[in-house]
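This report concerns charged side chains and their surroundings. Please consult the sequence and the structure shown below while reading.

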Amino acid sequence: MAKETRYRMSAERLEQLKEELLYLQTVREKEVAEQIKEARSFGDLSENSEYDEAKTEQGKLYSKIAEIKDLIAHAEIIEATDETDKVGIGSKVIVRDLEFDETDVYKIVGSQEANPMKGKISDDSPFGRGLFGHRVGEIVEVHAPQGVLRFEIVKIEK
């Protein structure tokens, strides 16, 4: 039997998904239905590009709804740890790149909340896994496509 996929996320992210699902199933679904109804009124459906576009949009909408339902159904709520001596979910970590002597700040989050451009790193990413469980002052090696990257953990906040 295949192992069921779990999507790790915070309670806040789960609520965002529920709100998005509600919006898609109510407001957006009615908008798309109206687009289809309007396109049908243009006549012959075999040569009606507006109808084709509306049906394509409907397909995308139903696909997105199914995706969000799956995320909600298989959500695993992760709680931020209160420990400040070790990196964990919810930790805000200040690290120094030992090669370039640059300091960056990252927050360790579940995979559904990851956004590297905003400094939110998934606990499942190589970088997140590399930091996980380490303490201030420790040197962490992260294996990346460009080689091994070395970081020092400068500070951990919750």
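## Salt bridges and charged residues

The count of salt bridges comes to nine in this model, which is predicted. Side chains of opposite charge can pair when their charged atoms come close.

| Pair | Closest N and O atoms |
|---|---|
| Glu31 and Arg28 | 2.7 Å |
| Arg135 and Asp85 | 3.3 Å |

Arg96 counts as partly exposed, at 24% relative accessibility.

Salt bridges with shared partners join Arg28, Glu31 and Glu57 into one network. Both Glu31 and Arg28 belong to helix H1, where they are three residues apart, about one turn of the helix. Arg28 counts as buried because its relative accessibility, 18%, is under 20%. Glu31, at 36%, counts as partly exposed.

A negative surface patch is made up of Glu34, Glu38, Glu50, Asp52 and Glu53. Helix H1 (11–40) and H2 each give two or more residues to this patch, and H2 supplies the largest share, three residues. Glu53 is placed in helix H2 and is exposed, with a relative accessible area of 56%.

Gln58 is also located in helix H2 (residues 49–73). Gln58 is buried, with a relative accessible area of 16%. Apart from neighbours within four places in sequence, Gln58 is in contact with Val32 and Ile36.

Definitions and conventions
Residues are numbered from 1 along each chain as its sequence is written. This is a predicted model: local features need pLDDT of at least 70, side-chain atom pairs count only at pLDDT 80 or more; totals for chains, interfaces and linings use all residues. Side-chain values use heavy atoms; hydrogens and water are left out. Helices (H or I, at least four residues) and strands (E, at least two) are DSSP runs, numbered from the N terminus. Buried means under 20% relative accessible area, exposed over 50%, partly exposed in between (1.4 Å probe, protein chains only). Contact means heavy atoms within 4.5 Å. Patches are made of residues with over 30% relative accessible area and no salt bridge: like charges are joined within 9 Å, nonpolar side chains (Val, Leu, Ile, Met, Phe, Trp, Tyr) within 5 Å. Accessible areas come from the Shrake-Rupley method with a 1.4 Å probe; for residues, only the protein chains shown count as cover. A salt bridge is a side-chain nitrogen of Lys or Arg within 4 Å of a carboxyl oxygen of Asp or Glu. Lys and Arg count as positive and Asp and Glu as negative; His and the chain ends are not counted. The place of a charge is taken as NZ of Lys, CZ of Arg, CG of Asp or CD of Glu.
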